[in-house]
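Biologist: I'm new to this one. Can you put the model up and walk me through it?
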Amino acid sequence: MIRLHKEGKRILLQFLIGLAAINFISFYFIANEIVQNIILVISLIIYILVLQFFRNPKRYTQVEEGKVIAPADGKIVAIEEIEETEYFKRKMLQISIFMSPVNVHVNRYPISGKVKYSQYHPGAFLVAWHPKSSTLNERTAVVVENSQGVEVMHKQIAGALARRIINYAKKGDLAVQGTDCGFIRFGSRVDVVLPLDANILVKIGDKARGGEQVLAELK
């Protein structure tokens with residue numbers, strides 16, 4: 001049985017009502033049975049696609065101090081040194097995970113600790129793999145400080161299809177590694193920003209598994 005995320009329940013109900021109405025109209029006003037069946041099959045395919053997008057599989061996070069886990073499912077598209085200008089204002093390491101529409105879109109805290117910063121930024125909707133999407137697109141930035149005083153940022157970045165970023169993190173919250181910190185609808189990207197001395201354990205092209213896979217170790 002598919003476990004659904006709470007963010008999808010209202011949308012799934014709306015889709016169900018809308019598709020049911022379309023099929024009701026087709027069966028009463030379209031005499032051609034083949035056309036009726038085509039509309040029914042297309043409706044079922046659309047609903048199944050939307051349903052799988054909001055799936056929320058159970059993940060088993062082994063909480064470990066000093067380990068940074070993947071905040072999302074997807075493909076690692078960049079590992080690079082950046083000049084982080086919003087919060088740290090210095091050079092940092094960034095790991096970028098691209099989530100396609102078929103990936104699980106639940107976002108999870110990469111480390112445990114105290115939420116020191118949480119900010120939403122309106123913006124554009126460039127494709128999520130665009131180099132400037134991290135600074136130009138609609139996005140959120142969240143910084144969590146662990147018990148050793150090391151701070152890690154994760155950024156939710158809207159893509160060309162994503163039109164709704166949901167961020168649960170509030171300044172002062174206690175974050176628990178692997179628990180839900182947000183959701184992004186229909187294709188997007190999540191960046192993890194780390195200190196320069198972090199030991200990166202993944203490479204570009206790897207498939208990330210949110211809530212379970214270790215991306216890096218903190219010094």
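Biologist: Which residue of E7 is the bridge partner of Glu145?
Modeller: Glu151 in E7 is the bridge partner of Glu145. Keep in mind that this is a predicted model.

Biologist: How many bridges pair E6 and E7, and in what sense?
Modeller: There are 7 bridges, and the sense is antiparallel. The two strands form a hairpin with 5 residues between them.

Biologist: Which residue in that hairpin takes a positive phi?
Modeller: Gly149 does, with a phi near 85°.

Biologist: Which other strand pairs with E7 over 6 bridges?
Modeller: That is E11, and the pairing is antiparallel. As an example, Lys155 stands opposite Asp191 in E11.

Biologist: Which residues sit on each side?
Modeller: One side has Glu151, Met153, Lys155 and Ile157. The other has Val152, His154, Gln156 and Ala158. Both faces of E7 are covered.

Biologist: Let's switch to the core. How many residues does the largest nonpolar core have?
Modeller: The largest nonpolar core has 24 residues. Leu194 and Leu215 have the most contacts inside it.

Biologist: Which strands each supply at least two residues of this core?
Modeller: Strands E3 (90-99), E6 (139-145), E11 (188-194) and E14 (214-217) do. E3 gives the most, with 3 residues.

Biologist: What is Leu215 in contact with, leaving aside neighbours within four places in sequence?
Modeller: Its contacts include Val68, Ile69, Ile95, Ile97, Val192 and Leu201. Asn199 and Ile200 are among them too.

Biologist: And what is in the second core?
Modeller: The second core is separate and has 9 residues. Ile11, Phe54, Val104 and Phe183 are included.

Biologist: Now the sheets. What is the strand order in the open sheet with E14?
Modeller: The order is E1-E14-E12, with antiparallel pairing.

Biologist: How do E1 and E14 pair?
Modeller: They pair in the antiparallel sense over 3 bridges. Lys67 stands opposite Glu217 in E14.

Biologist: What about the open sheet with E10?
Modeller: That sheet has 3 strands in the order E4-E10-E8, with antiparallel pairing. E4 (106-108) and E8 (165-167) stand at the edges. The twist averages 20° from one strand to the next.

Biologist: What is the bridge partner of Arg108 in E10?
Modeller: Asp180 is the bridge partner of Arg108. E4 and E10 (residues 180-184) pair over 3 bridges.

Biologist: On to helices. At what angle do H1 and H2 pack?
Modeller: The angle is about 175°, with the axes 10 Å apart. That makes H1 roughly antiparallel to H2.

Biologist: Which residues make the contact?
Modeller: On H1, they include Ile11, Phe15, Leu19 and Phe27. On H2, they include Ile39, Ser43, Tyr47 and Leu51.

Biologist: Phe29 is in H1. Is Phe29 buried or exposed?
Modeller: Phe29 counts as exposed because its relative accessibility is 67%, and the cut-off for exposed is over 50%.

Biologist: How many Å separate the C-alpha atoms of Phe29 and Asn167?
Modeller: They are separated by 44 Å. Along the chain, these residues are 138 apart.

Biologist: What are the numbers for the chain as a whole?
Modeller: The chain has 3 helices and 14 strands. Of its 219 residues, 47% count as buried. The C-alpha atoms fill a box of roughly 70 × 35 × 30 Å.

Biologist: What is the mean pLDDT of the chain?
Modeller: The mean is 88, and 90% of the residues reach 70 or more.

Biologist: Which element has the lowest mean pLDDT?
Modeller: Helix H3 (residues 133-136) has the lowest, at 65. Strand E12 (residues 199-200) has the highest, at 97.

Note on methods. Residues numbered from 1 in each chain as written. Predicted model: local features only at pLDDT ≥ 70, side-chain atom pairs only at ≥ 80, totals over all residues. Heavy atoms only, no water. Helix = DSSP H or I, 4+ residues; strand = E, 2+ residues; numbered from the N terminus. Buried < 20%, exposed > 50% of the residue type's maximum accessible area, 1.4 Å probe, protein only. pLDDT = per-residue confidence, 0-100. Core = buried A, V, L, I, M, F, W, Y, C linked by side-chain atoms within 4.5 Å. Contact = heavy atoms within 4.5 Å. Pairing = 2+ DSSP bridges. Axes fitted to C-alpha atoms, helices over the stretch in contact; angles between N-to-C directions. Parallel < 35°, antiparallel > 145°, perpendicular 65-115°, else oblique.
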